[in-house]
Amino acid sequence: MELREFNNQVHPPPDYPSPHGSQHSLRLRTVPAQGTSAVQFDWASPPEDAEDSNEPRNLRELPLHMGLKKAVWQVQQMRVPVGSSSWNIRQSQTFWRFCEVAKFILSYFVLWKRGIQRIGGHFGGGVQSYFLYLRFLVILNFLSSLLIGAFVLIPSIVFRSMNLNSTIAPTVNLTGVEICLQYDPKPDALLVFYTYFLDLVSGTGFMEYSYLFYGYYNNSVIESNGFSYNIPLAYLLTAAFYFLFCLICMIIRMGDTARLVVTGGGAVGGYSMLVFTGWDHGLQGDRATKLKKNNLRHRLQVDLEEERLKKKAASLTLGQTVSLYALRVFLNLVVLILIGATFYCIARATQFSQSNVEKSDFTELLLQYLPSMVITASNFVVPLLCDKIALLEKYSPSTTVILALLRAVFLRLVSLGVLLFTLWEQITCKGENSSEYCTPCKYNHKRYECWETRVGQEMYKLTLFDFLITIATLILVEFPRRIVVDHCSCKLTQLVGRQEFLVAPNVLALVYSQTVVWTGALFCPLLPFINTIKFILFYYCKKITLFQNCQPATRNFRSTTSNFFFLLVLLFGWMLSSMVLLYSVAKIHPSYGCGPFRTNSAMWDVVPGAVTMLSHTSKEFLFYIGSQKFSIPLFIFSCVLLCYVSALTSVHGKSVTLLKSQCKLEQRDKQFLVRQIEELNAKVQKEQREPQQPQRETKPLYHAATQRNQHYNYAFDPDECPRPY
């Protein structure tokens with residue numbers, strides 16, 4: 001019956017029989033069958049408000065419930081237009097079914113899909129964004145490991161096993177620098193067992209003489225039967241493409257997240273969109289439904305808390321506002337003093353560790369890990385103090401998270417920069433090649449026989465120490481705290497309670513770990529693979545501690561904007577690592593006794609040397625790309641393109657702002673109409689309750705528009721700034 005009524009509404013029958021006077025074509029005519037109740041459809045007819053349109057009516061615009069819309073959609077799918085080949089239609093339907101089945105099958109291969117959905121349902125989108133971030137880094141490091149393994153590791157292993165090494169002729173004069181060629185990291189044949197453990201955690205001994213570090217790779221070019229492979233060139237170009245690949249992946253992901261920030265973050269009517277369109281009607285089972293409810297509830301908590309803080313900030317007086325900003329300035333000065341003291345401690349610890357090496361094995365191990373210990377301790381204590389200070393600044397939850405991230409990012413990344421700067425000072429004798437320690441080799445050979453391997457060992461120790469600290473914190477702090485809180489009923493333990501999963505420190509730990517990997521990838525090629533295993537273990541450890549030891553956060557934040565900010569922070573880490581790569585490749589002299597660049601004055605020299613071996617046409621093409629004839633037009637074109645994109649972004653931003661204002665005005669109109677309907681319903685109900693009184697003539701419904709015009713509606717006042725609802 002509903003389908004028949006709907007068909008009559010869309011195509012009402014004529015008031016008079018006109019079998020020959022119909023304006024519809026034979027294909028569009030509907031001939032009712034006699035003696036049957038079949039429902040007739042004519043979806044190709046134009047809508048009522050567009051007589052000249054040939055587009056079918058959109059089901060979303062029809063006032064029907066979901067079951068009826070589904071039935072109509074199925075009828076539309078079965079309709080075969082006249083003049084088209086049924087074979088093409090079947091092939092198209094088969095292709096779309098295949099695509100749907102392929103997407104359904106591929107969804108099972110998404111890494112940690114169900115686990116991350118469960119986390120989002122129990123702890124909200126903020127905690128879920130951390131695990132999505134972690135999954136992105138796992139995939140990024142795994143693909144990077146494949147890149148390095150395919151072009152550097154596997155060729156080096158194959159050529160070494162087949163004895164195909166052919167050393168490149170040196171491009172620098174080796175006379176007078178014979179002392180710089182001394183480098184023999186091979187371990188002794190007989191060692192005590194605990195020595196292997198010390199070598200494993202410090203990267204020395206048998207670990208140093210392996211494919212893990214830079215010094216083990218040869219400077220060889222393989223030529224066999226017309227096949228040529230340059231190990232130094234492959235080593236350098238693979239590192240460059242590795243950085244470029246990571247940058248492209250981050251930009252693509254930032255673009256997707258930025259699109260959500262522009263369209264969804266802070267959009268007008270967010271509550272209505274969340275309530276009416278936020279539910280997933282494809283959920284099956286009580287478990288999935290419960291998780292989705294929890295996720296929506298957390299998102300509403302975030303929005304309500306931020307609106308409450310905005311109203312509270314708007315109600316402050318001038319004196320309260322001035323005192324609040326003065327307090328914030330003072331607290332920021334305190335934070336800067338803490339961070340400055342941290343940098344000084346890291347620099348002093350690095351200098352002491354590099355200049356005081358004892359003979360005792362365990363003492364030497366402690367000295368080697370001293371910079372890592374100071375960095376880890378400062379990264380734990382200082383952000384904790386900054387978080388306590390941030391509570392006094394009275395920002396919104398999202399602003400508090402972003403501010404904590406900014407401070408912690410500045411602390412961690414710059415602390416890593418301080419460590420590297422101190423190492424460069426020790427290696428290059430503070431840039432003075434004429435110094436006593438750097439005279440023959442142009443670097444401090446007495447302390448750093450292979451300085452690239454030493455830098456790689458420092459990054460390896462930072463990565464390993466960060467993993468060990470995470471596991472130790474999980475076993476020695478988080479589980480005992482949960483046991484004490486659950487089994488002890490004293491007021492102190494109940495006041496402390498279970499710990500909350502803080503998103504900002506955990507995300508920053510991932511950024512710090514990835515920045516360390518990028519910094520050490522040139523000197524420790526297998527570090528991305530080690531970091532992949534580390535992040536996989538991180539996921540399971542964090543998931544266990546999240547469900548077993550943590551409680552949902554009392555202060556939530558908006559995950560949409562935070563995802564974009566997390567990627568922006570990761571981009572800062574990539575920039576710092578790129579600066580280290582460029583400085584090492586272009587400025588510092590490579591070690592004479594190790595590595596694929598031992599015979600070059602700089603790592604970059606292998607690129608011009610490889611270009612000279614190309615054909616004349618290839619060299620001319622590369623020289624043209626590097627000349628001003630190509631670079632200046634390219635720069636001008638890039639500037640024009642940048643200006644166009646900037647203007648397009650501005651126009652789109654204005655369009656989004658205009659659409660938001662229109663949405664606000666439409667909401668006010670709807671609220672006004674709802675109030676009018678409520679008033680009319682109240683009048684009708686009042687008249688029905690008083691039948692003994694003479695009936696008063698009620699105003700028809702179309703008089704509501706006249707009454708609406710008599711009232712002052714500030715929503716249409718051009719000088720009135722619409723307020724969000």
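Predicted model: local features only at pLDDT ≥ 70, side-chain atom pairs only at ≥ 80, totals over all residues.
Reader: What does the side chain of Thr-342 reach?

Author: The side chain of Thr-342 reaches the backbone oxygen of Leu-338 at 2.9 Å. A polar contact is a pair of N or O atoms within 3.5 Å; within protein, one must be able to donate a hydrogen and the other to accept it, and residues adjacent in sequence count only if both atoms are side-chain atoms. Residues are numbered from 1 along each chain as its sequence is written, and side-chain values use heavy atoms, without hydrogens and water.

Reader: Why is Thr-342 called buried?

Author: Buried means under 20% relative accessible area, exposed over 50%, partly exposed in between (1.4 Å probe, protein chains only). Thr-342 has 6%, so Thr-342 is buried.

Reader: What makes Cys-450 and Cys-594 a disulfide?

Author: A disulfide is a pair of cysteine sulfur atoms within 2.5 Å. The sulfur atoms of Cys-450 and Cys-594 are 1.9 Å apart, and the two form a disulfide. The pair links distant parts of the chain, 144 residues apart. Cys-450 and Cys-594 are both buried.

Reader: How do you know that Cys-643 is in no disulfide?

Author: The nearest cysteine sulfur, that of Cys-639, is 6.7 Å away.

Reader: Why does Cys-643 count as exposed?

Author: Cys-643 has 54% relative accessibility, so Cys-643 counts as exposed.

Reader: What is the mean pLDDT of the protein chain?

Author: The mean is 76, and 76% of the residues reach 70 or more.

Note on methods. pLDDT = per-residue confidence, 0-100. Helix = DSSP H or I, 4+ residues; strand = E, 2+ residues; numbered from the N terminus.
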